Amino acid sequence: MDCELCRAPAGELLFQDARLRVVLVDEPGYPGFCRVIWQAHAAEMTDLSPADRAHLMDWVYRTETALRELLQPAKINLASLGNMVPHLHWHVIPRFEDDAHFPSPIWAAPRREAAPRAFPNLAERLRERLRATAHPSN
């Protein structure tokens, strides 16, 4: 199987344990766009055990919390699509009222030019927030 999420980090690593990784994606116009990627190849949430589903969603929520605290977006979008890459992963996307697509999904046609946003040292700040929430057993 040739799966890009199995063979590549798919972004700047923010957190990783034996079951998942959280990465910061380089998505122009969308600072803070993260993915929470299940390490083993699985296509659907129901492919996971209840404990693994809980672990994955816990990290989706931790990532959302860190992004809200650091960036204060107007909204966070959560999505698990997998149509292009059938490897279980969640998009955690901070949304700002002046981004190119707001209030539409980021995959829709743009509504305007995106306002430039800079968040210095974002990866390191997110990494610190996520590390602070990790339990010793992770």
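Biologist: Which residue lies over the face of W59?

Modeller: This is a predicted model, in which local features need pLDDT of at least 70, side-chain atom pairs count only at pLDDT 80 or more, and totals for chains, interfaces and linings use all residues. Residues are numbered from 1 along each chain as its sequence is written, and side-chain values use heavy atoms, with hydrogens and water left out. A charge sits over a ring if NZ of Lys or CZ of Arg is within 6 Å of the ring centre and within 35 degrees of the ring normal. At 4.3 Å from the ring centre of W59, the residue is R62.

Biologist: How are the rings of F15 and W59 arranged?

Modeller: Rings of Phe, Tyr and Trp (its six-membered ring) pair if their centres lie within 6.5 Å; planes under 30 degrees apart count as stacked, over 60 as edge-to-face and the rest as tilted. The whole structure holds 2 aromatic pairs. For F15 and W59 the centres are 3.9 Å apart and the planes at 15°, so the pair is stacked.

Biologist: Are F15 and W59 buried or exposed?

Modeller: Buried means under 20% relative accessible area, exposed over 50%, and partly exposed in between (1.4 Å probe, protein chains only). By this criterion, both F15 and W59 are buried.

Biologist: Which residue has its backbone oxygen 2.8 Å from a polar atom of the side chain of R95?

Modeller: R95 has 1% relative accessibility and therefore counts as buried. Its contacts (heavy atoms within 4.5 Å), not counting residues up to four places away in sequence, include Y30, H101 and F102. The backbone oxygen at 2.8 Å belongs to S104.

Key:
Polar contact = N/O pair within 3.5 Å; in protein donor to acceptor, adjacent residues only side chain to side chain.
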